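Keep the viewer open and follow the residues as they come up.

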Protein chains: 2
Amino acid sequence: MDGPVILSVDAVFALACRVLETAGLAAPQAEAVARVIAAAERDGCSNHGLHRLPGCVETVRSGRLAVAAVPDVRDETPALVRVDAGYGYAPLAFERGLPLLADKARHGGVAALVVTNCFHFSALWPEVEALAAEGLAGLALTPSHAWVAPAGGNRGLLGTNPIAFGWPRPDGHPYVFDFATSAVARSDLAHYRNEGRAIPEGWGVDRNGAPTTDAQAALDGAMLTFGGHKGSALATMVELLAGALIGERTSVESMAWDEGLKLAPCHGELILAFDPAVMAGGDAAPGVARAEALFAGFAAQGARLPSQRRYAARARSLADGVAVPRALHDRIAALAG
Amino acid sequence: MDGPVILSVDAVFALACRVLETAGLAAPQAEAVARVIAAAERDGCSNHGLHRLPGCVETVRSGRLAVAAVPDVRDETPALVRVDAGYGYAPLAFERGLPLLADKARHGGVAALVVTNCFHFSALWPEVEALAAEGLAGLALTPSHAWVAPAGGNRGLLGTNPIAFGWPRPDGHPYVFDFATSAVARSDLAHYRNEGRAIPEGWGVDRNGAPTTDAQAALDGAMLTFGGHKGSALATMVELLAGALIGERTSVESMAWDEGLKLAPCHGELILAFDPAVMAGGDAAPGVARAEALFAGFAAQGARLPSQRRYAARARSLADGVAVPRALHDRIAALAG
């Protein structure tokens with residue numbers, strides 16, 4: 001097989017747009033999703049990059065996603081923006097709600113953006129990075145499908161339920177983490193299965209609820225949360241805050257709604273934004289300095305901050321472009337018509 | 001040795017009040033702390049109960065805690081209440097800020113209570129339970145002292161940084177969790193040391209940053225977070241949201257401020273409150289039903305909800321009283337003058 005295809009980040013974006021629009025997605029929806037795909041490829045997160053396009057095309061063609069949905073942004077209270085995504089993808093709904101969310105956070109100190117009726121697309125770090133670019137700290141939560149057993153249980157009940165957090169830094173990239181509350185991502189299990197490797201203990205249980213190191217058995221059974229009962233509690237919190245609280249589906253309901261089609265999960269998302277100046281009583285500078293001192297403490301003992309690897313990949317990609325495996329590229333290009 | 005002393009929950013409260021007031025703490029401060037102590041004994045959390053009183057007496061007598069501090073409640077924005085605890089204990093500051101926080105959450109959907117300059121006292125579940133009693137979901141965060149190494153590091157930088165969450169339920173007790181982001185509580189390490197037992201791997205490292213199963217070596221070195229890099233990321237988020245964001249000390253600063261006196265940590269606390277009706281767009285009922293369906297899913301697979309053990313202990317204590325080890329009781333009674 002030939003070597004990878006090298007694409008600029010802009011070319012990744014253009015390719016993703018073409019594929020999505022060819023599948024029938026309206027341009028504003030396609031561009032918002034393509035921005036996330038291009039950002040993922042740029043940051044070395046190929047799991048959330050072009051690799052996702054075939055699945056997107058399936059979701060777009062399913063007839064369940066509203067291909068021309070226009071998010072409806074509602075100014076609900078001084079602290080709350082609600083965006084009905086109208087069964088389109090989440091990224092456009094987030095983009096449309098962001099300016100009002102930022103405005104409310106700057107006035108009130110804290111504000112919430114509730115997105116409803118959206119097809120989730122990949123990672124949450126784009127959301128908290130966008131908030132950090134506005135000088136705001138952010139916390140984002142979303143359910144998924146009920147693939148994960150709670151601590152002490154043995155059947156899927158919770159989603160992989162990611163939690164993402166961002167903190168703006170005066171120089172350079174924000175402090176950002178974004179992780180699944182499951183022990184690993186579902187795609188990790190599929191990866192192990194495809195490579196015929198045993199999974200470590202603690203990742204999943206089989207259909208009978210027995211611990212397993214067989215990836216397929218865990219995919220057929222249930223995944224486990226990270227961190228035992230604490231991770232399970234956090235995953236439950238995500239169901240409650242980004243599901244029940246905001247009038248949206250839990251992971252069990254989202255999975256049922258999917259009716260076995262295995263499309264992207266369709267549910268809600270909760271994003272909180274915090275203004276460091278207002279929250280500190282007027283002056284953000286001391287808090288910014290405190291945070292920088294904390295980060296310096298990581299460096300002093302050789303500990304990495306989350307996202308450092310992603311930012312390093314970003315620098316390389318912006319200089320040298322993104323290497324896309326040729327087989328993947330050809331498969332995607334065929335979808336671009 | 002004789003058997004335990006059986007006290008009613010009210011008698012625990014009265015005893016704690018007497019000890020704290022004898023030490024010089026003003027009545028409103030003493031009563032707020034005693035309410036937490038009595039609640040902890042009631043719920044079988046003896047670690048946060050009468051056992052803490054000798055340490056409280058030390059903190060009260062240290063001259064660093066303002067024994068007659070009156071919390072200053074400020075209505076900062078439609079979404080933000082700030083309470084300057086004035087170097088008193090946290091519980092009174094929280095109690096004084098709670099009505100305005102609840103009011104703001106009911107109007108705006110989400111609101112924040114920032115408590116500054118407070119000596120932390122024990123658990124965070126009383127805060128989120130109090131919010132749940134108001135029909136509100138709540139999230140509470142606070143730093144502590146820098147006893148915990150970040151993932152990839154080997155020296156104390158982060159606090160044990162608890163996260164507590166509460167969700168109101170229509171019948172019976174709320175869904176509540178409250179856990180340290182460290183692998184275990186610091187008191188667990190002391191307990192193992194006192195009993196001469198080896199600690200499991202993953203709880204701590206020694207002074208040189210090497211993994212250890214020696215409790216004293218971990219106490220002298222650093223604790224580790226739960227859940228590897230994910231727990232470390234959450235502990236860092238607590239430093240940022242409940243420290244830097246709100247203009248308050250991080251765990252490193254709080255520890256430095258203590259100057260080796262080993263008093264209660266003095267720093268800030270962040271409490272978020274969410275109104276389920278406003279956040280859901282007007283009607284809380286469907287979300288309440290969704291949450292109950294989720295909890296039923298736990299029961300159906302034999303998984304316990306967090307706090308179930310605590311609520312069971314509560315029922316027993318309210319019926320039969322609290323059993324206090326006689327040696328502890330006598331030591332406390334001596335402090336009551």
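Which residue with a positive phi follows α5(B)? The residue is Gly135(B), with phi near 80°.

## About the model

This is a predicted model, in which local features need pLDDT of at least 70, side-chain atom pairs count only at pLDDT 80 or more, and totals for chains, interfaces and linings use all residues. Residues are numbered from 1 along each chain as its sequence is written, chains are lettered from A and ligands numbered from 1 in the order in which they are written, and side-chain values use heavy atoms, with hydrogens and water left out.

## How the two chains are related

Let's begin with the pair.

## Around Arg249(A)

Arg249(A) sits in the loop between α8 (228-244) and α9 (251-258) of chain A; helices here are DSSP runs of H or I with at least four residues, strands are runs of E with at least two, and both are numbered from the N terminus. With a relative accessible area of 10%, Arg249(A) is buried (buried means under 20% relative accessible area, exposed over 50%, and partly exposed in between, with a 1.4 Å probe and protein chains only).

The side chain of Arg249(A) makes a polar contact of 3.3 Å with that of Tyr87(A); such a contact is a pair of N or O atoms within 3.5 Å, where within protein one must be able to donate a hydrogen and the other to accept it, and residues adjacent in sequence count only if both atoms are side-chain atoms. That side chain also reaches the backbone oxygen of Cys266(A) at 3.3 Å. Leaving aside residues up to four places away in sequence, Arg249(A) touches several others, including Asn117(A), Trp257(A), His267(A) and, from chain B, Arg290(B) (contact means heavy atoms within 4.5 Å).

Most residues other than glycine have a negative phi. Asn117(A), in strand β4 (residues 110-119) of chain A, has a positive phi near 55°. Asn117(A) is buried, at 16% relative accessible area.

Lys262(B) is not a glycine either, and its phi is positive at about 60°. Look for Lys262(B) in the loop between α9 (251-258) and β11 (266-274) of chain B; at 74% relative accessibility, Lys262(B) counts as exposed.

## Helices of chain B

Helix α5 (residues 125-133) of chain B is mostly covered, with 7 of its 9 residues buried. Among them are Trp125(B), Val128(B) and Leu131(B).

Helices α1 (residues 9-23) and α3 (residues 53-61) of chain B pack at an angle of about 25°, with their axes 9 Å apart. The contact involves Ala16(B), Val19(B), Leu20(B) and Ala23(B) of α1(B), and residues of α3(B) including Leu53(B) and Val60(B).

In helix α7 (residues 215-220) of chain B you will find Leu219(B), which is buried at 14% relative accessible area.

How values were computed. Axes fitted to C-alpha atoms, helices over the stretch in contact; angles between N-to-C directions.
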